[in-house]
Amino acid sequence: MHQAFRLHGRQRRAFSAVVDTLKSKIQGLADKKAPQLTALRKEHGNKVLGETTVGQCIGGMRGITCLVSETSLLDPMEGIRYRGRTLQECMDQLPKAPGSKIGLPEASFWLLLTDEMPSDAEVKALNEELHKRSTLPQSVVTMIDSLPKETHPMTQLSMGLLALQPTSEFGKAYRSGNLKKTDYWVYTLEDALSLVAKVPVLAARIFRNVFMEGKHIPSDPSLDWAGNYAQMLGVSDDALFKDVTRLYLMLHADHEAGNVSAHTTHLVGSALSDPYYAYAAGVCGLAGPLHGLANQECLRWLKNTKAELGGKEPTVELLTQFAKDTLASGKVIPGFGHGVLRNTDPRYTIQRQFAQDNFPNDPLVKLAEVCFQAIPPVLEATGKVKNPWPNVDALSGTCMQYFGLNQEDYYTVIFAVSRALGCSSNLVWSRMMGLPIERPKSVTLDWLSNKVK
């Protein structure tokens with residue numbers, strides 16, 4: 001068995017039963033994967049996966065196959081798969097809250113870590129464990145409460161994560177000088193569980209400070225992880241708001257390792273920075289307008305489009321001309337296309353079905369539905385768009401605003417709460433596999449010019 005997969009027998013602290021179960025399942029999966037990893041390293045290490053072009057080098061490294069992410073894989077036509085399962089399969093098979101039809105995002109966390117669909121009992125135990133770990137240190141509460149309301153919520157979230165860093169079990173163990181490489185993943189798992197437990201409490205506190213005059217709603221340990229987050233936000237008493245929150249957090253949990261937030265988290269973690277350092281860095285990447293801010297840009301575009309229609313009922317003909325005029329003016333239409341996908345984003349499809357089932361007559365939902373029919377043919381006709389189909393951002397903000405969560409600057413924080421599941425799972429598996437520090441080669445423009453002569 002490969003050394004990186006061996007669990008050191010001596011334990012330095014007592015863990016709960018559900019954490020022991022998680023560790024056992026992760027270790028069992030690692031034992032199965034060990035021969036595969038060993039063979040790839042020893043027998044196929046020099047095999048060529050593909051060529052790197054000048055265009056890829058200066059074009060954001062798009063399409064270069066050079067990362068390992070065990071938790072999910074993005075297929076251009078089918079979309080993301082969590083451990084080989086499509087999102088619709090996850091929706092159908094993941095355990096659900098009582099009376100809900102939405103697969104629980106914390107159950108997807110279990111799936112990403114173990115490659116197993118958890119039982120209802122396992123998810124219940126996991127939720128109890130997360131609640132036990134969810135209390136924020138008073139120093140973090142004091143720091144967050146002292147920040148000016150004008151400080152962007154994503155800035156506050158990254159600061160809060162860094163303020164949690166002194167609680168890192170991995171950091172403490174590494175600094176002790178006694179931590180063995182074979183135990184890295186165990187302590188990374190400890191931090192992953194605690195980070196996932198605390199991030200919704202931290203995020204809800206930021207929301208209530210900035211938008212609700214600092215009037216906070218206590219955590220409810222009887223609720224599931226995502227449902228409790230919705231409860232602490234306090235924007236709607238509608239049970240469907242808990243469901244739309246569960247849906248959003250499950251759909252955004254992971255998207256392989258090449259996107260900015262996931263890659264940044266992996267990169268920083270590869271230096272053996274603990275999960276708090278690593279995910280705080282990932283959150284800073286998520287805050288960029290080309291990554292996590294896209295959903296609020298889409299909502300703003302829909303609102304502006306509705307206003308420009310001046311009360312006219314949206315039709316395919318009307319939106320077709322509107323889209324043509326938008327492109328002719330040199331503007332872009334947000335919410336359509338994707339860097340990897342070449343089909344309608346299944347995350348959009350699932351959200352669209354939720355909206356059609358629950359609030360089809362909402363004006364922005366109706367407008368988004370007409371856009372879905374009108375805009376792809378316009379984009380396709382330009383001959384310049386590889387994927388004219390809607391992505392997840394085309395509807396996610398619209399679903400949130402229906403329930404009164406219309407504070408657009410906060411949307412990316414919700415994204416970050418969700419993505420903590422996938423990024424932290426990836427950190428556990430990176431340490432389990434013994435992946436080294438990431439260090440790609442960079443070159444200058446002169447080097448490239450000489451190379452292509």
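User: Why is F211 called partly exposed?

Analyst: In this predicted model, F211 has a relative accessible area of 28%. Buried would need a value under 20% and exposed a value over 50%, so F211, at 28%, counts as partly exposed.

User: What makes F207 buried or exposed?

Analyst: The relative accessible area of F207 is 0%, and because this is under the 20% cut-off, F207 is buried.

User: Why is the pair of F207 and F211 called tilted?

Analyst: The ring centres are 5.3 Å apart, within the 6.5 Å that a pair requires.

User: How many aromatic pairs does the structure hold, and what makes F170 and Y174 a stacked one?

Analyst: There are 13 aromatic pairs. For F170 and Y174 the centres lie 6.1 Å apart, within the 6.5 Å limit, and the planes meet at 20°, under 30 degrees, so this pair is stacked. These two residues are also four apart, in helix α8 (residues 169-176).

User: How do you know whether F170 and Y174 are buried, partly exposed or exposed?

Analyst: F170 has a relative accessible area of 2%, under 20%, and is therefore buried. Y174 has 42%, between the cut-offs of 20% and 50%, so Y174 counts as partly exposed.

Notes. Residues are numbered from 1 along each chain as its sequence is written. This is a predicted model: local features need pLDDT of at least 70, side-chain atom pairs count only at pLDDT 80 or more; totals for chains, interfaces and linings use all residues. Side-chain values use heavy atoms; hydrogens and water are left out. Rings of Phe, Tyr and Trp (its six-membered ring) pair if their centres lie within 6.5 Å; planes under 30 degrees apart count as stacked, over 60 as edge-to-face and the rest as tilted. Buried means under 20% relative accessible area, exposed over 50%, partly exposed in between (1.4 Å probe, protein chains only).
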